[in-house]
Structure formats: structure tokens, C-alpha cells
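Please keep the sequence and the model in view while reading.

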Amino acid sequence: MAAPIISVTFVRHGESTDNLRSVWAGWADAPLSNHGMNQARAVGQSLSQTHFIAIHASDLKRAYTTAQAIHDAQPTPPPFDSSPLLREQHFGVAEGKPWSLHLEPGMSLEDHYAKGIYPVIFNREDKFPEGESLDDLARRAEEAIDKFVMPHVWDAARSGKRGVHVALVSHGLCISELIAALMRKSAVGGGSADKYKGLLNTAWTRVAINVHGAKEGEPVEFPSNESPPLTMKVTDVNRHEHIDDIKRQKGGIGNAAYDPKQADIRAFFGGAAVGEPAASNARDETVDP
């Protein structure tokens with residue numbers, strides 16, 4: 001089978017120090033924990049034989065540092081840039097504040113806010129004051145795909161290349177919206193962002209893209225205002241074997257905050273919990289167990 005024209009690898013950042021706390025962490029710019037730095041080095045080595053022509057990253061420390069590790073492990077380091085378009089969902093006034101899965105009986109949402117507690121929002125339209133809704137994030141993801149993915153697709157198609165690789169290093173919720181935004185450009189339709197949630201720290205998901213009807217080695221000619229139809233396939237989801245044997249070390253940044261008793265909370269925020277409404281804006285916001 002011929003290689004796709006281009007493959008896009010979406011990588012979630014390593015564990016951050018905020019991932020170890022039960023707080024909303026979107027644009028809050030926490031660094032990687034010691035464990036997260038080990039995860040970043042591991043994903044860099046695991047992807048070192050995938051020769052990326054470009055690496056695009058969120059400008060937040062946890063994603064940028066993870067992307068730097070991937071970049072440094074490349075035999076021939078490719079162009080590497082960062083952008084706020086690839087940031088996590090912005091939680092506004094809830095940033096750094098405790099989260100709660102359910103409303104407390106007898107308390108209104110405003111009562112929770114007054115106490116500095118911000119319950120999970122289970123729909124795509126609502127948002128915390130001064131923050132982004134999931135629909136807002138989806139619109140930003142569309143812009144990011146148009147800026148950081150589609151130019152590579154059209155360049156590869158026009159040159160007749162195949163097997164081109166691009167990496168986007170971002171955050172759990174943003175990645176789910178990025179993949180959905182890309183899949184919507186397929187001639188056969190895409191899928192819901194909920195299908196792509198639940199990435200573990202430094203896990204990656206890959207989408208293969210082809211121009212419909214293109215022949216291997218032959219350039220595709222088309223005017224700039226009339227894009228050819230695309231076919232896409234998600235080939236890998238939540239690949240995390242590179243971290244399966246990493247043990248949490250004593251000491252280092254963030255180690256003191258790690259509490260194994262909070263595994264259920266971390267599992268929920270990593271997307272592992274069951275019975276949660278699909279549109280939660282929280283499920284990827286804390287470290288995997």
C-alpha cells in the first residue's frame with residue numbers, strides 16, 4: 001500500500017506540576033514535573049525514526065518543552081515553532097482553582113463560584129467567566145489546522161511527495177478538537193471530538209491524509225482557490241508504549257505533590273472514567289494514573 005501524502009502526529013504534553021493538583025489548568029503555564037520530563041524524553045526517542053519536516057507546538061511550557069524533546073531527538077532537527085493557537089482550552093477565572101465533578105446540593109453555580117469552586121461543565125456552549133467554551137476551542141482549532149497543517153498538505157500534493165510527517169504538540173482537549181477539525185476536511189466527513197479524547201501524557205494519535213485520486217509520485221495540480229478532495233484515516237490512537245515502563249522517581253519538580261490516592265481523579269481527567277457525559281471540558285486536564 002502506498003504511503004499517505006502526509007501524516008500528522010498529535011502529541012499530548014508530558015505531566016506538568018499542575019497535572020498533579022485537582023485544579024483547572026488551561027492557560028496556566030506550569031512546567032513539566034520531573035516525571036513529565038522523563039516522559040518527554042521517552043516520546044522524543046520513540047519518535048526519533050519518524051522524520052518530521054516540521055514541529056508545531058503550543059507556547060505553554062508543558063507542551064513547548066515536550067516538543068523541544070521531540071525536536072532534539074530528531075536525527076536532522078526540522079523547523080520548530082510555537083503558537084497560542086495550540087494552547088489548551090482557556091478556563092478564565094477558574095484557572096488554578098479547584099474543580100468539582102458535581103454541584104453541591106442546595107448550592108447554585110454562583111454559590112460555588114463564590115467559594116472558589118468551579119464544577120465541570122458538561123456541554124459545549126457554556127464556559128467559565130472570561131474563558132473559552134468547547135465551541136470556542138473548536139473554532140480556534142480550525143484556525144490552527146488551516147495555519148499549521150493544510151499548507152504542508154498542499155505543498156506535498158503539488159510536489160508529488162509521499163510519506164511526509166508533521167507533528168503538533170498540544171494539550172488533551174485541544175488535540176481532540178484539532179483532530180476533529182482536520183477530519184471535517186475529509187471528503188467523506190469527519191467525527192466528533194469526543195472520539196479523540198483521553199490521551200495519556202505524551203501519548204500520540206496520527207492521521208494519514210491523501211488527495212483523492214492522486215497517483216504516487218505525480219504532482220497534483222489545482223488552483224489555490226479550489227482545493228482537491230481529501231481522504232483521511234486515523235491510523236493510531238493514544239499510543240503510549242514509550243511510557244509504560246517509566247517509574248516515578250523520588251525527588252524532582254512536582255514529586256512532592258504526587259498523591260497515588262488521587263488516582264481516580266486523575267483517571268477521570270485523563271478520560272478513563274465511565275459514566276461521564278461526553279462533552280465534559282475537564283476530562284484531559286490532570287495526569288494519567
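This is a predicted model: local features need pLDDT of at least 70, side-chain atom pairs count only at pLDDT 80 or more; totals for chains, interfaces and linings use all residues.

**Annotated active site**

- According to the unreviewed UniProt entry, the annotation "active site" covers His-13 and Glu-88.
- These positions span 76 residues in sequence, yet no two of their C-alpha atoms are more than 10.6 Å apart, so they gather at one spot.
- His-13 belongs to the loop between β1 (6-12) and α1 (34-46).
- With a relative accessibility of 2%, His-13 counts as buried, because the cut-off for that class is under 20%.
- Residues up to four places away in sequence aside, His-13 touches Asn-19, Arg-62, Ala-63, Thr-66, Ser-170, His-171, Asn-201 and Thr-202.
- Glu-88 is located in the loop between β3 (80-83) and β4 (99-100).
- Glu-88 likewise counts as buried, at 1% relative accessibility.
- The side chain of Glu-88 reaches the backbone nitrogen of Gly-172, at 3.4 Å.

**Helix α4**

- Helix α4 comprises 15 residues, 134-148; at 1.5 Å a residue it should span 21 Å, which agrees with the 20 Å between its end C-alpha atoms.
- The buried residues of α4 are Leu-134, Asp-136, Leu-137, Ala-138, Arg-140, Ala-141, Ala-144, Ile-145 and Phe-148.
- An α-helix has 3.6 residues a turn, so residues three or four places apart point the same way.
- The cover over the buried residues of α4 includes the strands β1, β2 (52-58), β3 and β6 (164-170).
- Helices α5 (150-159) and α6 (172-183) are also among the elements that cover those buried residues.

- Val-220 lies in the loop between β7 (204-211) and β8 (230-239).
- Its relative accessible area is 16%, so Val-220 is buried.
- Although Val-220 and Ser-159 are 61 residues apart in sequence, their C-alpha atoms are 7.3 Å apart in space.
- Which residues does Val-220 contact, leaving aside its neighbours within four places in sequence? They are Ala-157, Arg-158, Val-211 and Ala-214.

Terms used. Residues are numbered from 1 along each chain as its sequence is written. Side-chain values use heavy atoms; hydrogens and water are left out. UniProt positions are given in the numbering used here, feature names are shortened, and annotations may be inferred rather than shown by experiment. Helices (H or I, at least four residues) and strands (E, at least two) are DSSP runs, numbered from the N terminus. Buried means under 20% relative accessible area, exposed over 50%, partly exposed in between (1.4 Å probe, protein chains only). Contact means heavy atoms within 4.5 Å. A polar contact is a pair of N or O atoms within 3.5 Å; within protein, one must be able to donate a hydrogen and the other to accept it, and residues adjacent in sequence count only if both atoms are side-chain atoms. The expected span of a helix is 1.5 Å times one less than its number of residues.
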